[in-house]
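Welcome! Have a look at it first, and then read on.

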Amino acid sequence: MSVDVGVPAAVLYPSCPDDIAALLRASSARPSPFPVSARGCGHSIRGQASAARGVVVDMPSLGRLAAGPATRLSVSVEGRYIDAGGEQLWVDVLNASLAHGLTPRSWTDYLHLTVGGTLSNAGISGQAFRHGPQISNVQELDVITGLGEKVTCSKEKNRDLFDAVLGGLGQFGVITRARIPLVPAPARARWVRLLYTDAAALTKDQERLIDIDVEIDTGAVSGLMDYVEGSVLADQGLAGSWRSSFFSEADAARVAALAKEAGGVLYCLEGALYYGGAAGSERDVDKRLDLLLQELRYERGFGFVQDVSYAGFLDRVRDGELKLRAAGLWEVPHPWLNLFLPRSHVLDFAAGVFHGILRQGTTGASGPVLIYPMNRNRWDGEASAVFPEEEDVFYTVGILRSSLPASSDGSQLLRRLEEQNEEIMRFCEDAGMACVQYLPYYAGQSGWEKKHFGPNRWDRFVERKRKYDPKAILSRGQRIFTSPLPLA
Ligand SMILES: Cc1cc2nc3c(=O)[nH]c(=O)nc-3n(C[C@H](O)[C@H](O)[C@H](O)COP(=O)(O)OP(=O)(O)OC[C@H]3O[C@@H](n4cnc5c(N)ncnc54)[C@H](O)[C@@H]3O)c2cc1C
């Protein structure tokens, strides 16, 4: 990315949380404290986990160097929870839970992210409409504040710190343990993709599926789908995501013809129904699926169903990662733009962005464009994460494009993609769409204050910063606070 993140002076490889607490106390005691950033996998795309001229804490070494690594990931079958070190990968949380027939409920699409990293943002995927984001699915945290204090917090104990840290962009403390509730695990998933030729039909069906008050009489199982997402597929500009391996070659040709007929842009509703294990029988799932397929308004003949294991479904992005890595296309710039958009703007957004801005001259870019709705009442307004609060439903739009090295001029394409992202933000602003960024980035404090948080949330964020990290030591790579806070 074209962002100067600055080089850290040192890296700490902690073997226990006390090492991190000692580092933070040492920094805090100095007249000029040095910055400290926890780094999970460093997947954030603009150096948010870096610490220019400070110390980066390599969180994975907690798992590697801990006296008993097993203690960093332990399941209580009786208590129905898993205690996971902040450095643990979600894929390991999944496997440790499944070993006991249990599973967390809320996920990200990609599981090779750390628990502390996603809880510092929100952690979203197609289960969030029902269960909320990952930050709505935490019972307790161990946190080391910017003052080097080790605090256990939850909704019952030290609640303000608990709320601050969830979605807190690493600003208030380092998460060293999270207690995640577990439920009995399903065994398999029916994984469905349905194609649509217009955004109105797609979003109407998506909203029906996430309406958790609506139930159809399936006899045995409640709930329409367990996972609901969606994406935009286009024949150019969005770089051929419809050539996905989900389709056979013959299907891909039919899909391409449909895309052409529809003017170059298709929409795909992606859903999953869980079954087996704790989640009902195969017969039930077939019945549920049949009913749904009759009702949904996708293009007949363009429904695709796969049957996969539950674990395989959740870890589905890994396959794509390995293929991209093998082709040298993983470690490339990712000028991603993620937005939360109130439902009332989604069709105008689709017309202006999917059918307009994104179709202009970005040949050589590749990557999915996601669009799916969530229920606002599954999000906790006390946590630090920012989301549109005005309407019952909001959409996440993820424009997840990579700038491929094979394109004729890589740096020019990257610039073009970044310009397009800015154009999209301007389009939203001009149209009065009250959208906010997810995995947000602003170059300076005024963007954070005015565009991201808004006055009330900003005041609360600053007040919490003053309490838990007054010297602004933590996660300066987010570019929110760059110097100690003046006394209130
Ligand atoms: C391929 C891919 C797919 C993705 N899919 C999704 C998705 O479906 N849904 C979703 O919500 N996100 C998704 N993300 C984004 C992901 O949530 C963020 O990148 C997130 O930052 C997690 O990455 P990480 O664990 O490497 O954290 P890092 O990038 O290392 O850190 C992120 C921020 O959190 C801070 N931090 C890290 N660890 C801790 C800790 N233990 N305590 C306190 N602060 C900490 C860092 O200082 C930094 O500011 C995806 C990312 C990638 C690369």
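A residue counts as buried when its relative accessible area is under 20%, as exposed when it is over 50%, and as partly exposed in between. With a relative accessible area of 42%, Arg-159 is therefore partly exposed. Please keep in mind that this is a predicted model.

**A three-stranded sheet**

- Three strands make up an open sheet in the order β1-β3-β2, and their pairing is parallel.
- The edges are formed by β1 (10-12) and β2 (36-39), each of which pairs on one side only.
- From one strand to the next, the twist averages 30 degrees.
- Strand β3 (residues 55-58) runs parallel to β2 and is joined to it by four bridges.
- Val-57 in β3 is the bridge partner of Ala-38.

**Aromatic rings**

- Across the whole structure, a search finds 22 aromatic pairs.
- Phe-172 and Phe-461 are edge-to-face, because their planes stand at 70 degrees, with the ring centres 5.0 Å apart.
- This pair ties together parts that are 289 residues apart in sequence, because Phe-172 is in the loop between α6 (159-165) and β9 (173-181) while Phe-461 is in helix α14 (residues 445-468).
- Phe-172 is buried at 1% relative accessibility, and Phe-461 is buried too, with a relative accessible area of 3%.
- Another edge-to-face pair is made by Phe-340 and Trp-379, with 5.5 Å from centre to centre and 80 degrees between the planes.
- Phe-340 belongs to strand β15 (residues 337-342) and Trp-379 to the loop between β17 (369-375) and β18 (393-399), so this pair links parts 39 residues apart in sequence.
- Both Phe-340 and Trp-379 are buried.
- One aromatic cluster includes Phe-172 and Phe-461, along with Tyr-442, Trp-448, Phe-453, Trp-458 and Phe-481.

**Charges over rings**

- Arg-179 places its charged end over the ring of Tyr-81, 3.8 Å from the ring's centre.
- Arg-254 lies over the face of Phe-302, at 4.5 Å from the ring centre.

**Salt bridges**

- There are 30 salt bridges in the structure.
- One of them joins Asp-18 and Lys-150, whose closest N and O atoms are 2.7 Å apart.
- Asp-18 is partly exposed, at 42% relative accessibility.
- Asp-163 and Arg-159 also form a salt bridge, at 3.6 Å from N to O.
- These two residues are four apart in helix α6, so about one helical turn separates Asp-163 from Arg-159.
- Asp-163 is buried, at 3% relative accessible area, whereas Arg-159 is partly exposed.
- In helix α13 (residues 410-430), Arg-416 and Glu-419 are three residues apart, about one turn of the helix, and their salt bridge has its closest N and O atoms 4.0 Å apart.
- A network of salt bridges links Asp-83, Glu-140, Asp-142, Arg-177 and Arg-179.

**A closer look at Phe-162**

- Phe-162 is part of helix α6, and it is buried at 2% relative accessibility.
- Beyond residues up to four places away in sequence, Phe-162 touches several residues, including Val-138, Leu-141 and Cys-153.

Definitions and conventions:
Residues are numbered from 1 along each chain as its sequence is written. This is a predicted model: local features need pLDDT of at least 70, side-chain atom pairs count only at pLDDT 80 or more; totals for chains, interfaces and linings use all residues. Side-chain values use heavy atoms; hydrogens and water are left out. Two strands pair if DSSP finds at least two bridges between them. Axes are lines fitted to C-alpha atoms, for helices over the stretch in contact, and angles run from 0 to 180 degrees between N-to-C directions. Rings of Phe, Tyr and Trp (its six-membered ring) pair if their centres lie within 6.5 Å; planes under 30 degrees apart count as stacked, over 60 as edge-to-face and the rest as tilted. Buried means under 20% relative accessible area, exposed over 50%, partly exposed in between (1.4 Å probe, protein chains only). A charge sits over a ring if NZ of Lys or CZ of Arg is within 6 Å of the ring centre and within 35 degrees of the ring normal. Contact means heavy atoms within 4.5 Å. A salt bridge is a side-chain nitrogen of Lys or Arg within 4 Å of a carboxyl oxygen of Asp or Glu.
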